[in-house]
Amino acid sequence: MTETQTKTSSPEFRAAAGAIDGLRNDLLRDVLAYRPLPPLNPEGRLIRRLPEGARKAVVWAPHALVLFAAFLVMMAGFAEWEFRLLMGLVPAIPVAMTLVRPVAAFWASMVATVVCGLLGSGGLWGPSAFLAQIVVLVVVAARTRPRTAAWMWLLTLFFGMLLEGGDPTITGPLVTVSALALLVVAVVQIRRDAEREVTVQRTVTAVERDRRTLLEERTTIARELHDVVAHHMSVVAIQAEAAPYRVENPPPELEQAFVTIRENAVAALTELRRVLGVVRAEDYEAPDAPQPTLAVLDGLLDNVRETGLETEKVVTGAVRELPQGVELSAYRIVQEALSNSLRHAPGSSARVELGYVLGGLGLRVVNGPPKGPVKPVPGAGHGITGMRERVAMLNGEMTAGATADGGYEVAVFLPVPPAEQPEPRGAAGDDADTVVVERDGRA
């Protein structure tokens, strides 16, 4: 049939053509295809609870059940008084074939039914043929799909009525029992496929959620960096414009140099806003105050203490100002780690450690085990992704994981090149190490 004929034919004709194609694809194409029955998954919900030795044997349980059914069919054939060997072996062979060639086993069961009907005295559906046909239909339906089960049931009905001269009472018991069995198999298959689809969708959703969280965190970082860099570039431009007025009778070369500095700063600021401005939402407003740094970390800890989380801050090393991007990322990491402590460890305590070393900043946030019930939080578990993104942006290192006592620890190192390290704060000097411990706001 050509494509034009298919488009112009009636819906009934197209439905019939589709049904014939389904029959041909399910039961007539690749009849002798070799498809061995795979073992069960050893990591299944029930099997993984068994001992290792029993697990290796249980995975072959479907094969043992099919062979046991073939044995029962053979025993039912031996109950015949005549040709008992053939009446047992002939219908048992298709049952065993379902393990390797399921479609061929169905057609072989039809041939075995004819042989048993000719040799036996119990009519077309003797005990062995009846049992063999039921087992073959169930096993093949379980190994294929519900549409194949429907085709096999219809062919069995037509086959029985044809050989028995159209009398439905002879084939009726078989088709009734097989219909119930195939219905159960179809329901189990549909539920299994639905569970598999739900699992796939959950996996895809989790991946998309992680990706979305990562993009949102990158967008937040880009916004913050935009605000930080824009602030400094604006300061450079303003200072370059005002600098010549602070010098009496500046030489023209100096004035031209400051003009060039201001022009370059304004051009860089314009380009920065053009590139990073695309990540801003339409309703986003730049903050009036500067982005937070470690200098205002105590305010964050005070807010956390008000929520009931006992916090402690430990500072070691020569405290100094770090590049604003490093201090901003460190502040955000502490903020997210404490938020995770509030969500996942209610009633516990948290400890924030800051270590100023020669090569950068060491950061450690650890909380104890929860002392109350932990309520599931939708969308939780993605704060670690944002922290890792900030650390990776600064070429730092980060580890996060559970502690031995049931708590959680986040350890970060943010490197700072020596050329970017300002002088230490206060009069302690470069070689002075300070240790400050604060608990519940008391130093």
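In this predicted model, the count of cavities of 30 Å³ or more comes to one. The space inside the largest cavity is about 30 Å³. By residue type, the lining has five nonpolar, three polar and no charged residues.

The axes of α11 (residues 297–306) and α12 (residues 324–344) come within 11 Å and cross at roughly 10 degrees. Angles under 35 degrees count as roughly parallel, so α11 is roughly parallel to α12. On the α11 side, the contact is made by Leu297, Leu300, Leu301 and Val304, while α12 brings Tyr331, Val334, Gln335 and Leu338. Seven of these contact residues are nonpolar, one is polar and none is charged.

Finally, the strands. β5 (residues 408–415) pairs with β3 (residues 360–367) and also with β4 (residues 397–402), as the table sets out.

| Strand paired with β5 | Direction | Bridges | A residue and its partner in β5 |
|---|---|---|---|
| β4 (residues 397–402) | antiparallel | six bridges | Met398 with Val412 |

What lies between β4 and β5 in their hairpin? Five residues separate the two strands, and Gly406 in the turn has a positive phi of about 95 degrees. As you trace these strands, keep in mind that in a regular strand the side chains alternate between the two faces of the sheet.

Technical notes: Residues are numbered from 1 along each chain as its sequence is written. This is a predicted model: local features need pLDDT of at least 70, side-chain atom pairs count only at pLDDT 80 or more; totals for chains, interfaces and linings use all residues. Side-chain values use heavy atoms; hydrogens and water are left out. On a 1 Å grid over the protein atoms alone, a cavity is a set of points where a 1.4 Å probe fits but cannot get out, and a pocket is an open set with protein on both sides within 12 Å along at least five of seven lines; lining residues have an atom within 4 Å of a point. Grid points are joined across faces, edges and corners, and a volume is the space filled by probe spheres set on the points. Ala, Val, Leu, Ile, Met, Phe, Trp, Tyr, Cys and Pro count as nonpolar, Asp, Glu, Lys and Arg as charged, and the others, Gly among them, as polar. Axes are lines fitted to C-alpha atoms, for helices over the stretch in contact, and angles run from 0 to 180 degrees between N-to-C directions. Helices (H or I, at least four residues) and strands (E, at least two) are DSSP runs, numbered from the N terminus. Angles under 35 degrees count as roughly parallel, over 145 as roughly antiparallel, 65 to 115 as roughly perpendicular and the rest as oblique. Contact means heavy atoms within 4.5 Å. Two strands pair if DSSP finds at least two bridges between them.
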